[in-house]
Amino acid sequence: MRYNCKALGLVAALALAPMGASAALVDITIQNFGTGSAVDTANATAALDAFMGSSPITGTEDFEGFTACTGGNVGGCASAPVGSSGLGTTPIQSSSVGNFYGIAPSDQPGGSALNPKDEIIVRSDNPNNTFSRYDVVGGTNWLDSNDLNGIRWEIPGSTNLSKILKIAFFLTDVDDVGNVDFKITAVGEDVTVENIFGAHGGVNGSLDLVTMQFDGPIDLTNIQMTTGAGDGFGIDGIQVASVPLPASALLLLGGLGGLGGLSVLRRRKRAA
């Protein structure tokens with residue numbers, strides 16, 4: 001199944017744009033690749049590679065560098081709590097793709113949320129704690145909503161990403177309860193667009209590829225993914241393509257760094 005959304009930035013965004021500037025055009029596509037078998041994963045990965053093509057990959061995240069939470073632990077693993085405002089102030093930070101926050105409320109009538117509860121967490125492929133969510137890109141970890149209402153991904157967050165061209169990532173186990181709409185909202189420079197994912201009809205372990213294509217370089221600020229009560233989902237294999245820093249700019253930064261080093265050396269000599 002394939003969902004697609006092409007949209008222009010809203011009028012409010014246009015009002016903030018410089019005179020003569022046009023709103024960005026974004027194409028959000030969601031493709032389903034079964035339920036995560038070896039063949040499904042291979043097909044999904046091939047589709048991601050085809051989408052990114054020769055675009056410069058400037059940010060990636062597979063959550064393998066984080067300590068995963070297991071069913072019984074309440075500390076020491078990668079998690080981010082939700083505060084009274086409904087959005088946490090301490091995120092799970094990725095130096096490559098940004099910051100991730102949980103979105104309240106939390107409602108787990110099926111009891112599938114793990115400790116620490118009311119937090120988004122990094123999970124592993126421990127068979128006792130996956131609940132039909134899983135790693136997609138050849139490791140063990142992924143980011144899990146842990147049955148919160150959703151996840152807010154802020155870009156650039158702790159990164160220097162700007163002038164983004166493409167974004168792609170995998171989702172697992174969306175709408176396994178069969179009666180919710182999964183919504184993606186992308187907000188950035190001259191663009192605000194919502195995409196209603198739709199329901200999978202209660203299929204456990206669904207594997208979906210989300211791709212976002214912009215008609216020109218854009219500075220995104222956040223992507224929100226929200227779902228229904230008692231549902232949860234996983235995110236893995238994030239890739240971001242943006243306009244790379246020109247070689248001349250890299251040389252300039254290197255030169256400035258060298259001048260800074262000389263300045264420090266001269267000050268030390270004078271002090272001696």
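This is a predicted model: local features need pLDDT of at least 70, side-chain atom pairs count only at pLDDT 80 or more; totals for chains, interfaces and linings use all residues.
Is Lys163 buried, partly exposed or exposed, and at what relative accessibility? I started my notebook with that one. Lys163 has 34% relative accessibility, so it counts as partly exposed.

**Entry: the partner of Lys163.** I looked up what Lys163 touches and found a salt bridge with the side chain of Asp219, at 3.5 Å from N to O. The two are 56 residues apart, with Asp219 in the loop between strands S13 and S14 and Lys163 in the loop between S9 and S10.

Entry: Next I traced an open sheet of six strands, in the order S5-S6-S9-S14-S11-S12, with antiparallel pairing. Strands S5 and S12 sit at the edges, each pairing on one side only. From one strand to the next, the twist averages 15°. I then checked S9 against S14 and found five bridges joining them. Glu154 has Asn222 in S14 as its bridge partner.

Entry: Lys183 and Glu194 form one at 3.9 Å, N to O. Lys183 is in S11 and Glu194 in S12, so this pair ties together parts 11 residues apart in sequence. Lys183 is partly exposed at 27%, and Glu194 is partly exposed at 46%.

Entry: Arg123 and Asp144 meet at 3.4 Å, N to O, and both are buried. Arg123 lies in S7 and Asp144 in S8, 21 residues apart. I also found them in a salt-bridge network with Arg133, Asp147 and Asp173.

Technical notes:
Residues are numbered from 1 along each chain as its sequence is written. Side-chain values use heavy atoms; hydrogens and water are left out. Two strands pair if DSSP finds at least two bridges between them. Helices (H or I, at least four residues) and strands (E, at least two) are DSSP runs, numbered from the N terminus. Axes are lines fitted to C-alpha atoms, for helices over the stretch in contact, and angles run from 0 to 180 degrees between N-to-C directions. A salt bridge is a side-chain nitrogen of Lys or Arg within 4 Å of a carboxyl oxygen of Asp or Glu. Buried means under 20% relative accessible area, exposed over 50%, partly exposed in between (1.4 Å probe, protein chains only).
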